[in-house]
Structures are given as C-alpha cells and as structure tokens.
Number of protein chains: 2
Amino acid sequence: MRIVVPAGGIGGARFLRGLQAALGSGADHQENEPTITVIGNTGDDITLFGLRICPDLDTVMYTLGGGINEDQGWGRADETFTVKEELAAYGMRPTWFGLGDRDVATHIVRAQMMAAGYPLSAVTEALCERWRPGVRLLPMTDDRVETHVVVDDDAGGTRAIHFQEWWVRHRAALPARAIVGVGAEDAAPAPGVLDAIAAADVVLLPPSNPVVSVGSILNVPGIRDALTAATVVGVSPIIGGAPVRGMADACLAAIGVETTARAVAEHYGPDLLDGWLVDDADAGTEVAGVEVRSRPLYMSDPEATAALARAALDLALELKGRRG
Amino acid sequence: MRIVVPAGGIGGARFLRGLQAALGSGADHQENEPTITVIGNTGDDITLFGLRICPDLDTVMYTLGGGINEDQGWGRADETFTVKEELAAYGMRPTWFGLGDRDVATHIVRAQMMAAGYPLSAVTEALCERWRPGVRLLPMTDDRVETHVVVDDDAGGTRAIHFQEWWVRHRAALPARAIVGVGAEDAAPAPGVLDAIAAADVVLLPPSNPVVSVGSILNVPGIRDALTAATVVGVSPIIGGAPVRGMADACLAAIGVETTARAVAEHYGPDLLDGWLVDDADAGTEVAGVEVRSRPLYMSDPEATAALARAALDLALELKGRRG
C-alpha cells in the first residue's frame, strides 16, 4: 500500500508518527510494508546567518527519527542555544529565531550542500540517511517559495514580512491582510512528488495548518491537480471553532475562511477532498460532496494518535473502494 | 608612542597582553597612551563548513578581550562542542578541527560579512567592537593567503595539505618538505598596515612561530621592506634549542633553519632585526649586525610576561635612540 501525506510541521509530524504506529512501520521498514511518502511544506523555510532552515522538513525528520524535543514539538531534544546567544552578543539580527546548537549543524550541512549545487530534495535525502525517519520525505519543491505575510505598517499602508517573523517574532498577533507564497507560481514539484501522488493508493491530509502548510503545498503548480485525481481524506485542524494547536485561526482569517471544521473542508473543496474527519464536538458537520465522519481528533497520546491515523486511512480505503 | 607588533596566535597574544600590562594600557585605552597596532597572521585561515575561520586573529582578539580559554591558549572559555559533534553525526568531514559552539558564532558573523563583500579588515574591526582588545588589530592582508605544507604521499611523491590539517590533524608529525604561502606573492597588505609600520616608533616581534606566523606576514609583498626601515626588536621563540611552545622546530626544519635562537635571528636577518632577546640559557649568542641581549623569556605568569615585553620595548627604544 502506498500512502502520500502532504505535511506541515508539528501536527503533520505527530500524525505521521501515529500512522506509522497504526501500520506497524517506521525506521525498521521492511519490504512489502506500506510505503509512506511525505510531501513536506517548504514555504516556512528561511535563510538566516547563511544557514538554510527548513522548519517543517526538520520537524518531520526529527520527530520520526527520534530527535525531536517532545514537549515543544519542534527542535532537537537536549538542545542548547550557545550559538544564538553569541550571535546576539555580536549584535547580529534577528534574535527572535530559536536557533539551537544541534539544529545549527543540520542547517550548516544543508547550506553547504545547497551551495555546492545540490537541490533541496537531494539534501533532504542525505539528512535522512542519518535520521532514518521510515518515510520517504520529499520537499514540495526544490524551488524557493517563501510565505510572506502582509501586515499594516506605521504609515497607514502595508508591508510584507517573512512568515517566520510573523509567526515566531509576532506570534501571529499582527493582523494578516494577506498571505502570499512568493515564488509559488513559478515553482515545480520536487522530483518524485507527482509520481508518488499518481502511484498513491490514498492521500491523507494531516491536521496541519490549512493555509501556510497544506495550502503552500497545494499552491505549487501541478500538485493540487494531481491530488484531485487521488482519494484524499483530511483530518480537520479545527475542533469546535478553534485550532487544535498553533495559530491557524489567524491564517484562516487572512484568507477570509471561518475557523470551523466545515469552512476548512469547503476551502479545500470537494474536488480535492473525498473524506473529512471532524471531532465529535463537530459531529453533524456536512460538507457538500465530501464524506464527513466524526471521532476524537485530539492527538493526546501515541495510542489516540495511531487510532486517529487508522481511522483516516480506513475511511480513505473505504472511499477508494466505492470509487472502484 | 606607537608600537607595531606582527603576531601569530598564542605566543603573540600572550606577549601582547604582557605589553599592555607593561604599558598600563588595554581595554580602557585613553588618549595619549601608547598605541599598539597588531598585524595578525592570516596564513592559518581556513574555510570549513562555510565558516571562515581565522585562528590567529581570533586568538589575539579573545585573549586581549577576555574571552580566551586560558589553559588551552586558543578558543573560547567555557566552550562546548555540540555543533562539531552533530556535524560528525551527519558524516561531515573534517572532524579533526576543534570547532567550538561559541567560536562558531564568530565564524558565522565573519562569513556573513565577507559574503556581503566586506574585506577581512572591516570584519575584524567589527568583531573587535564586541571584544575591545585595546589594540588596533589588522589582518596582514585582505587577500586570501593560505599556508600549505608539502608532505610525502604514499606513492613516493609529495602532496600539499592545508597548514591546519598538518598542524592540528597530524600534529606536525609528517615531515614537511616545504611550507608554501599560496597566494602570498599576489597579496597586498591590508589597509593601514604599511601606514602603521611607517608611523611606528618601534616594532616588536613576539615569540611567535618564525615560519608560519611571522614568516607569513613577512611574505606579504611590501611588509618586510617597510619593517626593515623601522627599529625592530624580536623575542626568540627558541630557548636552548627547543621551541618555547608549539612545534616551530618542525616548521624550521622544513625551511632548513636550525632550531636555535641564533639561527632564527639569522633567518630574520640583520636587515630586518635591530635587536634580539634570547633566554639566559642562550646567553652569549651572537648574531652579526644584531644587538643580542639575554634575559628570562618564559611567559610563565603575567608579571614575567609584562617584564619580558618591557625589556623588548626598552631595547627597541634604546636602539632607536642610537639610530637617532
């Protein structure tokens, strides 16, 4: 069985770990086991201090590879911040990015390989040789796509800032007038992405941010079209009108979508979605053209997360069977 | 009074601290105090992992700025090596370079500024804004000069390796057939170097490595000629036929110079040297055309180091007075 999962950071990584648990797969991947291909969001990527930082790819890699800071959900376990403190002592800006010492090494390797001409997909594969995440991790694109957020400036106009500045520095508290994927229209899917979707038995959308994570992936020309031909089941990132975690409501507001499980499904659209899992709190939600099921969505522990992933997979297989 | 000190790493840095102590100068530099301009060796510089590393400049900067690891003589105090360990975990080479986490930040700042087009001299000035070493620290050149060491290969021929590989990885144990300053002949002194020498009352050569530290500086076209016009007093790095520290004997052997206080002075030459301080163990050393004095040379504690620097300065002032 071949499963494709377009994923953002924390929510995507935890869902993937649940999926591996549900399938009994993971780092010790065997022949004939289900194969999971992850299409990772790279819209959050940023270059700081000459380091190339890919937060979502790294969160998936560290989480599935056993290196994640479990409490925080991102960054490395047992992390220290000496380099960050020293850069600040030199007066280097920005100081708001949580750049850990262990993490720095990942970004040095990536920056070095990219400076040598390797595309991000090859770099990601090389980094995964260490982490062995038990999935095939592909960036959505090898091209540079950066999510920028348009916010008000002090002169009554607007200015665009990098997503990371909006998200980390301002904690999404500045009203977002628009969210733009700079470079998206000229980007091509990374090698293997369209093939993986075409070969997929099912596609599962984890409860990642529908705007800046899954949305960025869908904005790469060719990916959304490929996905509409597949059987796609999504897990709502919204429970009872609020994001499960993160600040997805601020992103949804920016694109004029209500923070409800139904509105997000409608935003994805029935052409993309075949099935949609909502929380029991949202039982009764109806989305035209989409099979909606309710069940507990909180990924509160490994068992609950595995059960959620299993439910998403089962629904997808059921809907695929119906399509024949 | 204006003093110029061409300096390498540990020996140069400790001598400079002694000189500051002798003069009562340092970080709280006042108007009308003696001014020390350091011409730092950059032949040891190396680019690793996209970081630009200038070991000798940093050793001077950290030592005079209060950030040095005192026991080791190089690198930062309270250093950790997380980035280095993580790079090794990714399989990155080389693993033999002692790259500390605090140090990494210095190299990131330098690499970033150089990538933005700033010359090394401007970068060094910027880094010194944090460290306030109480001297004017100039690189010998803004051009890239790399000291390479020619060693035997396995096929009966020779190969050239970077000085750092020879020094750090092989601990100077591979016989050096030649020591070459790659790029030296095309290098120009950094801005301010020739002016500082021309304006100097005296020039003091610390007990730095005469081949790969002071020698590299002298190899930059224009610097040696400028120094011969000045009053120059050197401190022997050799005591009783052995280097005070480091592995200068291996370097001297490579260029066919004996490891003696006299041979080093003759290598520098009477055109360059006006005076030469040797240890009491070498009392009676005579060098044609050079005023030789003996005294304790070990920089065993701050007081002994300050007294040594004071003696070098006094001899230089005496010789300058004789020249009129």
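**Two chains, one rotation axis**

Chain B superposes on chain A through a rotation of 180 degrees with 0.0 Å of shift along its axis, at an RMSD of 0.0 Å. The two copies are thus related as by a two-fold rotation axis. The model is a predicted one. The points below cover the axis, the contact between the chains and the nonpolar core.

**The axis**
- Any two copies of a chain are related by a rotation about an axis and a shift along it.
- Here the rotation is 180 degrees and the shift is 0.0 Å.
- Asp101(B) comes closest to the axis of the residues of chain B. Its C-alpha lies at 3.6 Å.

**The contact between the chains**
- Chain B gives 20 residues to the contact, and chain A gives 20 residues.
- On the side of chain B that touches chain A, the elements giving two or more residues are α3 (82–89) and α4 (101–115) of chain B.
- α4(B) supplies the largest share of that side, with 9 residues.
- By class, this side of chain B has 12 nonpolar, 4 polar and 4 charged residues.
- The copies meet through the same surface, because 100% of the interface residues of chain B are also interface residues in chain A.

**The nonpolar core**
- The largest nonpolar core has 190 residues.
- Leu16(A) and Leu16(B) touch the most other members of this core.
- Neighbours within four places in sequence left aside, Leu16(B) is in contact with Val5(B), Ala7(B), Ile36(B), Val38(B), Val60(B), Leu64(B), Val135(B) and Pro206(B).

Key: Residues are numbered from 1 along each chain as its sequence is written. Chains are lettered from A and ligands numbered from 1 in the order in which they are written. This is a predicted model: local features need pLDDT of at least 70, side-chain atom pairs count only at pLDDT 80 or more; totals for chains, interfaces and linings use all residues. Copies are superposed by least squares on the C-alpha atoms of residues with pLDDT of at least 70 in both. Two residues are in contact if their C-beta atoms, placed from the backbone, lie within 7 Å. A nonpolar core is a set of buried Ala, Val, Leu, Ile, Met, Phe, Trp, Tyr and Cys residues joined through C-beta atoms within 7 Å. A residue is buried if 20 or more other C-beta atoms lie within 10 Å of its own, exposed if 12 or fewer, and partly exposed in between; C-beta atoms are placed from the backbone. Helices (H or I, at least four residues) and strands (E, at least two) are DSSP runs, numbered from the N terminus. Ala, Val, Leu, Ile, Met, Phe, Trp, Tyr, Cys and Pro count as nonpolar, Asp, Glu, Lys and Arg as charged, and the others, Gly among them, as polar.
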